[in-house]
Amino acid sequence: MAGKSTARPRKLPVYLYIPNIIGYVRVLMNCVAFAICFSNKRLFSVLYFLSFVCDGVDGWCARKFNQVSTFGAVLDMITDRVSTACLLVLLSQVYRPGLSFLLLLALDISSHWLQMYSTFLTGKVSHKDVKDSTNWLFKAYYGNRMFMAFCCVACEVLYIILFLRAEKQTEDLIDVLMTSARQSPFLLLLLALSLFGWAIKQTINVIQMKTAADVCVLYDINKKQGS
């Protein structure tokens, strides 16, 4: 009697989810943006920011069409982290001290990587599930979409402004910020809001890294006690 063959699940439909297709477009826009970043700064900024905006659009589509997927969530995070990392590397090359931008890059990646890993250890579905956290700012950030969106947009807008304002490869960061703030009230307001949101996001990154590290340590302790 011949054994029954088990049908293999079809993977293609997940790859063709609407939010995942938007994710591929985001990757393409970022590739084009960074390819022309020095030859056409304005077009770079438009493409980079559009890709960032699409991050919110694909999330809405995933919920609207019931197409939430682990692959889509990972694709989103990788695209976010890599695009921000590339922009921070560019800023580290045109500003002094460049090390400050590389430290921000390291904080961003390590914080999110630890958060993702701790999410898997605790069996949670999303890295944004922080309801059991005791830190009010951390819970407010992930619990309120508008607040999180403001901080993320502010952070990216600040980096884009800095890139657009850099005229040579040895710019002093403080000088550029002060000169830009004196140019117009609108730019001053935009910089103030961006710096405020940026500061909150970096604080969240530190809290997130420490919280996730604690989860990993507790997992090790419980594992040793159970053995």
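I take contact to mean heavy atoms within 4.5 Å. The model I am reading is predicted.

**His-127**

I looked up His-127 first. I found it in the loop between α5 (99-122) and α6 (136-143). Is His-127 buried or exposed? Its relative accessible area is 15%, so I list it as buried, the cut-off being under 20%. I then asked which residues His-127 is in contact with, leaving aside neighbours within four places in sequence. They are Met-77, Gln-115, Met-116, Thr-119 and Tyr-142.

**Helix α5**

I checked the length of α5 next. Its 24 residues should span 34 Å at 1.5 Å a residue. The end C-alpha atoms are 34 Å apart, which agrees. An α-helix has 3.6 residues a turn, so residues three or four places apart point the same way.

**Backbone checks**

Most residues other than glycine have a negative phi, and most peptide bonds are trans. I looked for departures from both. Asn-66 has a positive phi, near 55 degrees. I placed Asn-66 in the loop between α3 (41-64) and α4. At 68% relative accessibility, Asn-66 counts as exposed. Arg-96 and Pro-97 are joined by a cis peptide bond, with omega about 0 degrees. Pro-97 sits in the loop between β1 and α5.

**Nonpolar patch**

Leu-12, Tyr-15, Leu-16, Ile-21, Tyr-24, Val-25 and Phe-71 make a nonpolar patch of about 600 Å². Which helices each supply at least two of its residues? They are α1 (12-15) and α2 (18-35). The largest share, 3 residues, comes from α2. I picked out Val-25, which is in α2. At 40% relative accessibility, Val-25 counts as partly exposed.

**Annotated segments**

I compared the model with the record. An unreviewed UniProt entry annotates residues 12-36, 142-164 and 184-200 as "transmembrane region". Over residues 12-36 I read 88% helix and 0% strand, with the end C-alpha atoms 32 Å apart. Residues 142-164 are 96% helix and 0% strand, and there the end C-alpha atoms are 30 Å apart.

Key. Residues are numbered from 1 along each chain as its sequence is written. This is a predicted model: local features need pLDDT of at least 70, side-chain atom pairs count only at pLDDT 80 or more; totals for chains, interfaces and linings use all residues. Side-chain values use heavy atoms; hydrogens and water are left out. Helices (H or I, at least four residues) and strands (E, at least two) are DSSP runs, numbered from the N terminus. Buried means under 20% relative accessible area, exposed over 50%, partly exposed in between (1.4 Å probe, protein chains only). Patches are made of residues with over 30% relative accessible area and no salt bridge: like charges are joined within 9 Å, nonpolar side chains (Val, Leu, Ile, Met, Phe, Trp, Tyr) within 5 Å. Accessible areas come from the Shrake-Rupley method with a 1.4 Å probe; for residues, only the protein chains shown count as cover. A salt bridge is a side-chain nitrogen of Lys or Arg within 4 Å of a carboxyl oxygen of Asp or Glu. The expected span of a helix is 1.5 Å times one less than its number of residues. UniProt positions are given in the numbering used here, feature names are shortened, and annotations may be inferred rather than shown by experiment.
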